[in-house]
Amino acid sequence: MIEGALWRRWVFYNLPLTLFVFVLLFPFYWMIVTTFRPDGELYLPWNAPNYMPFWTNNPTLEHILYLFEETNFARWMFNTMFIALVSTVISLFCGVLAGYALARLNFPYAGGLGTAIFITYLVPQTLLFIPLAEIIRNFQLGDTPWSLILTYPTFLIPFCTWLMMGYFKAIPKELEECARIDGASRWKAMVYIIIPVAVPGILSSGIIAFTLSWNEFIYALVFLSSPDQKTVPVGVTSELIRGDVFFWGPLMAGALLGSIPVAIVYSFFVEHYVAGLTGSVKG
Amino acid sequence: MAKTKRRSVLKLAGGAAAASMGGMAAILATGRTPAFAQQRTVHWLKWVDFVPATDTLLKREMMPEAEKALGVKMNLETVNGNDLQPRITAGIQSGAGADLIMSFNSYTHLYANSVVDVSAIAEEVGKREGGIFPYAKAICSNGKIYMGMPWAVIGGMIAWRKSWFEEIGLTKFPDTWDGYREAAKKLKAKGRPFGQTLGHTFGDAPGFSYPYLWSWGGKEVDASGKVVLNSKETLESIKFMQGLWKDGMDEGGLAWDDTNNNRAFLSQTISATLNGASIYIETLRKPDQYKTEKGLPMNKDILHAPLPKGPAGQFGFHLLQSNMLMKYSKNQDAAKEFLKWIHTEANYRKFFESQKGFATPCTAKWESDKLWDVDPVMTPYKVAARLGQAIGNAGPPDAKAQEVLSKYIITDMYAKAVQGMPAEDAMKWAEAELKKVYV
């Protein structure tokens, strides 16, 4: 908190924070207004007498109904949820074990290996989708959710590993050593002592991994082809952008409804998430 | 309870892993699972059509009809036009994907080594329908094979507001660049500029910048493939564009994509713009939504015109769509049968009529079809396929020409100039970029 005169608090804290929140939330506000705005208001010229860009007096559910009646949106939501959840669980499991090993087990080249894992995260997906497409073909997984569940960990595991490695390093070794002195095996010390302490970090990794899976586009575009297998990001852009015309109402409705699960996940775990990102255990 | 020893678990796990690896090796060696079932399926990947009725027609009526007539299973997939290229690339690299893929412009030349020759079908259809227009032929054929079966041209014409032009004393759209600039200047003074994108977007930007260049006499290359962009004609075109942009255009157009001019026109902030017929068709579809400032349906106030002519003539560059039969396809015969089937007159007519003039067929016969008389506003589009000029002018529209198009070099030349780069420098920059491609 900023101390001193009131104006200092306003200039250095309240005002920047308000601006920041406004910039972050305005797209969501716009999304909500457009979702409920009738078509007739979407293309009104700015000088029209009843022009109200930031509000509508005639809210409608037609765009949401269109989304559910004319497209497979409910199915896309289910697919996205299933794929994001399973790939997040797989990635977290691997990331926690790998992160622990890299942070705690003193084996040769652990540092270099940690850096190498991080570098794999930096390889752009636009390069990786081509070799991965070949693997997906070889295993006959194309157009199934498993094509994404098994490829998303290629970028999620390095991310989770790197995040968890940093988190495990911040947990005092003494906690684990006490358990070892009391007779716990390394496995037990990890499961009963370290992992409970690392829950904020695990949740942070999980939330970010879930969000990355939820929003992923290029693999979902390339590996899935049937309309009922698609995910939300691919489905809405396939069905609601026709040539050079955007169906803004349903598109915004799709974006709004598509962001709700992510918002729910964040709202449930926000405290852990903040703790996970701001540095774990105060030893 | 029997105690499980760690060693026995390891043995069991090792055995299972060895067995599974052996099985996996065998699977990988064959490239398919043991239970893989051979199916006669044709997977057709195309853009999601601007006209929703066409996709509905294809999915609900024509695909079941094709299945019945040909005894194949049809899988029609639609994706956004911008997403076709990653799908093509992934398909070719992995050797699996859709059997037929819609191509935009010279993708055909770019992927020439990965497609099957469809000359027999193209020539048969051309012969039956009065010949394939040179524009479509140049893009779909390299002189030896047809890399894609010509499907349709999405014509680009200028949509303009009749009543606003009448207010400045014009009853028809100007047919020269001088007239165009003058009208734009007068309308911009009234707060209704012309709108045109010079951004990186696949349709409207090159659809304007290429014909504009050609109409002044500028060319990318000569017939032998030598870069000849650096010319007096090109320079004049750039200088004129600099003045035109300032005098009469909506200057925000530099950042527009293909959708922005639709939105600006429908919001009545611009008075004219180069586009497919989508603006007009959208106003037809929702007459109550789009009204003029006087409260009349906007569709009664829109007309179409070709781009003006310059010192070297009048040109158009439109989006040509064809269907490529991929070499990796295991259903090539079935896909060819489908192409033949959908290009029969009765079947193709269903598609053509559902488009209501948005798509212009690539053969001569359809130019005189009665559909063009139904709505006079759409009539200018009927010559889009006949008058279209392919990229890479005056050379072939080959992979190099497509690379220049994909890098937006010609469009960027004008964009840089209107942003303040001297005309000579913009031209030299574009020439240097072209030479990197045409080595």
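**Close-up 1. B:Val418 in helix 18 of chain B.** In this predicted model, B:Val418 belongs to helix 18 (residues 409-418) of chain B; helices (H or I, at least four residues) and strands (E, at least two) are DSSP runs, numbered from the N terminus. B:Val418 counts as buried because it has 20 C-beta neighbours inside 10 Å. For reference, a residue is buried if 20 or more other C-beta atoms, placed from the backbone, lie within 10 Å of its own, exposed if 12 or fewer, and partly exposed in between. Setting aside neighbours within four places in sequence, B:Val418 has contacts with B:Leu198, B:Met241, B:Gln242 and B:Trp245, a contact being two C-beta atoms, placed from the backbone, within 7 Å. Look also for B:Ile238: 180 residues separate it from B:Val418 in sequence, but 8.4 Å separates their C-alpha atoms in space.

**Close-up 2. B:Leu100 and the largest nonpolar core.** Here a nonpolar core is a set of buried Ala, Val, Leu, Ile, Met, Phe, Trp, Tyr and Cys residues joined through C-beta atoms within 7 Å. The largest one has 126 residues, and the members touching the most others are B:Leu100, B:Ile101, B:Ala136, B:Val153, B:Ala159 and B:Met413. Beyond four places in sequence, B:Leu100 is in contact with B:Val42, B:Trp44, B:Leu45, B:Asn323, B:Met324, B:Leu325 and B:Ala335. Another core, of 47 residues, lies apart from the largest one and includes A:Ile83, A:Ala103, A:Ile171 and A:Phe210.

Close-up 3. Domain 1 brings 21 residues to the contact and domain 2 brings 23. On the domain 1 side, helix 4 (107-110) and helix 6 (134-140) of chain B each give two or more residues. That side holds 14 nonpolar, 6 polar and 1 charged residues, with Ala, Val, Leu, Ile, Met, Phe, Trp, Tyr, Cys and Pro taken as nonpolar, Asp, Glu, Lys and Arg as charged, and the others, Gly among them, as polar.

**Close-up 4. Chain A.** Chain A has 14 helices and 2 strands. Of its 283 residues, 37% are buried.

**Notes.** Residues are numbered from 1 along each chain as its sequence is written, while chains are lettered from A and ligands numbered from 1 in the order in which they are written. In this predicted model, local features need pLDDT of at least 70 and side-chain atom pairs count only at pLDDT 80 or more, whereas totals for chains, interfaces and linings use all residues.
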